[in-house]
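Dear colleague,

Please find the structure below, handed over for your review.

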Amino acid sequence: MGPPLILIETDGLLFNLLDSETLNSFAKKITELDEMVRRMVLEGFGVEKYGDEHFESTCTSLRINKYEAPMTNEGILAFNPHTDESVVTILHQTQVRGLEVRSNVDGEWFNVKLSPNSFLVMAGDIFLACVNGRLHAPYHRVIMRGTEHRYSAVLFSVPKAGCEVRTREELIDEEHPQQYKPFDYDKYLDFICADDAPVAKSPLRVFCGV
Ligand SMILES: O=C(O)CCC(=O)C(=O)O
Ligand SMILES: [Fe+2]
């Protein structure tokens with residue numbers, strides 16, 4: 001279950017998304033942030049030499065989500081728990097909170113409190129596969145409460161259609177045995193979108209775990 005895709009106004013930053021010039025410059029800025037983060041991670045793992053190849057094989061897309069106000073203070077699940085099938089996800093939410101991330105330590109869900117001018121950067125399944133599982137792709141969901149609609153803007157970097165995803169050899173060694181077999185991104189999307197897709201904390205592991 002996901003929220004409807006919309007292009008609509010709201011308060012603050014996202015208000016201007018109706019205006020295509022602002023939308024373009026907003027998308028450009030967060031695309032730059034996405035690129036910077038990805039370069040830093042590749043550098044951090046000492047595989048920056050793959051940067052050009054990596055960027056040539058990926059693209060980005062921006063999605064604006066609207067969540068209807070549930071008109072109750074009981075938490076309503078508005079987006080099922082999942083990890084993103086992206087390389088990197090960059091998320092901005094308006095003043096209505098709702099995003100929750102599950103702690104890797106004790107499994108507790110905690111509310112993400114972003115200041116109005118900040119963005120949340122998360123690794124997705126694809127980055128995990130590229131670096132042999134040596135990043136954490138957070139399990140997250142959206143819980144709605146109260147009388148206000150919620151909006152979020154999310155930039156996903158993803159492999160281009162038909163691109164193979166594989167772990168960089170330099171990141172596989174005795175201490176870090178290979179975690180994922182190479183796979184075709186489109187086939188992974190088919191797998192997670194299928195009616196009988198497994199409900200798993202890491203569908204990637206089910207799909208191509210070694
Ligand atoms: O709207 C949000 O805060 C989360 C959206 C999300 O997780 C997604 O689009 O993958
Ligand atoms: Fe997500």
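This is a predicted model: local features need pLDDT of at least 70, side-chain atom pairs count only at pLDDT 80 or more; totals for chains, interfaces and linings use all residues.

**Overall form**

Along the principal axes, the C-alpha atoms occupy a box of roughly 55 × 35 × 30 Å. The secondary structure of the protein chain consists of five helices and 10 strands. Among contacts with a separation of 6 or more, 77% join residues 24 or more positions apart.

Of the 210 residues, 29% count as buried. The largest nonpolar core has 31 residues, and those with the most contacts inside it include Ala123, Phe127, Cys130 and Leu204. Two or more residues of this core come from each of several elements, among them strand 6 (120-123), helix 3 (125-130), helix 4 (185-193) and helix 5 (203-208). Beyond its neighbours within four places in sequence, Phe127 is in contact with Val41, Val87, Val88 and Leu135. In soluble globular proteins, nonpolar side chains tend to be buried together.

The residues around ligand 1 are Asn65, Phe79, Asp84, Leu91, Gln93, Leu99, His140, Val142, Ser152 and Val154. By class, this shell has five nonpolar, four polar and one charged residues. Strand 3 (88-93), strand 7 (140-146) and strand 8 (150-159) each supply at least two residues of the shell.

With kind regards

Terms used: Residues are numbered from 1 along each chain as its sequence is written. Chains are lettered from A and ligands numbered from 1 in the order in which they are written. A residue is near a molecule or strand if its C-beta atom, placed from the backbone, lies within 6 Å of it. Helices (H or I, at least four residues) and strands (E, at least two) are DSSP runs, numbered from the N terminus. Ala, Val, Leu, Ile, Met, Phe, Trp, Tyr, Cys and Pro count as nonpolar, Asp, Glu, Lys and Arg as charged, and the others, Gly among them, as polar. A residue is buried if 20 or more other C-beta atoms lie within 10 Å of its own, exposed if 12 or fewer, and partly exposed in between; C-beta atoms are placed from the backbone. Two residues are in contact if their C-beta atoms, placed from the backbone, lie within 7 Å. A nonpolar core is a set of buried Ala, Val, Leu, Ile, Met, Phe, Trp, Tyr and Cys residues joined through C-beta atoms within 7 Å.
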